[in-house]
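Please open the model in your viewer and keep the selection panel at hand.

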Amino acid sequence: DVSERFQVPTQEKGVKLEVESIPAWNVRGDDVALSQLFFNLVDNAVKFTPSGGRVRLSGTANGRTAQFVVEDSGTGISAEHLPRLFERFYRVDPSRQHSPGGTGLGLSICKSIVEAHGGSIAVESEIERGTRFLVTLPGAEAH
Ligand code: ATP
Ligand code: MG
């Protein structure tokens, strides 16, 4: 659902959107919130990836948990910022010219949603190479 909402915006920006086969996975929880979670992550990935780059969505399930990955080939985030990235209103370099707008709430909302569903979220990034967000969610049977 979320990847479909980004077909036109990515095409317009010249960013390639790759959607791998994503396992069907039942999570006990709030579908609107879970959509919001992935929407925020893909929104960031597209926003911080210049034209000519790519955003990839993938997932794997292992029986008890599933892991979903949103990765991009964009600007990356330097290591010093990673520990605070999920804090409310935290933005990397908001004063930089041409820095894409935002309130800095997106990732703190992602973290709340993931934790409310018994999961976890992590980030890996390398400056100028790209960023990868990993979301782990337990299956409905785990409750
Ligand atoms: P909002 O989501 O509220 O519109 P935002 O996108 O600035 O605003 P977050 O989604 O919380 O806020 O992200 C916080 C900061 O983390 C961003 O401002 C940006 O500096 C950095 N960031 C998040 N995702 C990425 C990404 N995929 N690539 C590079 N930087 C990122
Ligand atoms: Mg955001």
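**Ligand 1 and its surroundings**

Select ligand 1: 20 residues surround it, and the closest are K47, D72, R91, T103 and L107 (a residue is near a molecule if one of its heavy atoms lies within 4 Å of it). This is a predicted model, in which local features need pLDDT of at least 70 and side-chain atom pairs count only at pLDDT 80 or more, while totals for chains, interfaces and linings use all residues. Residues are numbered from 1 along each chain as its sequence is written, chains are lettered from A and ligands numbered from 1 in the order in which they are written, and side-chain values use heavy atoms, with hydrogens and water left out.

A polar side-chain atom of D72 is 2.8 Å from a nitrogen atom of ligand 1. R91 places a polar side-chain atom 2.9 Å from an oxygen atom of ligand 1. Taken alone, ligand 1 exposes 590 Å², of which the protein buries 92% (accessible areas by the Shrake-Rupley method with a 1.4 Å probe).

Colour the shell around ligand 1 by class: it has 9 nonpolar, 8 polar and 3 charged residues. Here Ala, Val, Leu, Ile, Met, Phe, Trp, Tyr, Cys and Pro count as nonpolar, Asp, Glu, Lys and Arg as charged, and the others, Gly among them, as polar. Then select α3, which gives the most to this shell, with 3 residues (helices, H or I of at least four residues, and strands, E of at least two, are DSSP runs numbered from the N terminus).

**The largest pocket**

The space taken by ligand 1 is the largest pocket (a molecule sits in a pocket if more than half of its atoms lie within 2 Å of its grid points). A pocket is an open set of points on a 1 Å grid over the protein atoms alone, where a 1.4 Å probe fits, with protein on both sides within 12 Å along at least five of seven lines; lining residues have an atom within 4 Å of a point.

The largest pocket holds about 650 Å³ of space. Of its 31 lining residues, select N44, K47, F48, R91 and V92, the closest to its centre. The elements giving two or more residues to this lining are α3, α4 and β5, and α3 supplies the largest share, 6 residues.

**The second largest pocket**

Finally, select D1, V2, I22, F38 and F68, which lie nearest the centre of the second largest pocket among its 20 lining residues. Its lining has 15 nonpolar, 3 polar and 2 charged residues. Again α3 gives the most, with 5 residues.

Note on methods: Polar contact = N/O pair within 3.5 Å; in protein donor to acceptor, adjacent residues only side chain to side chain. Points joined across faces, edges and corners; volume = space filled by probe spheres on them.
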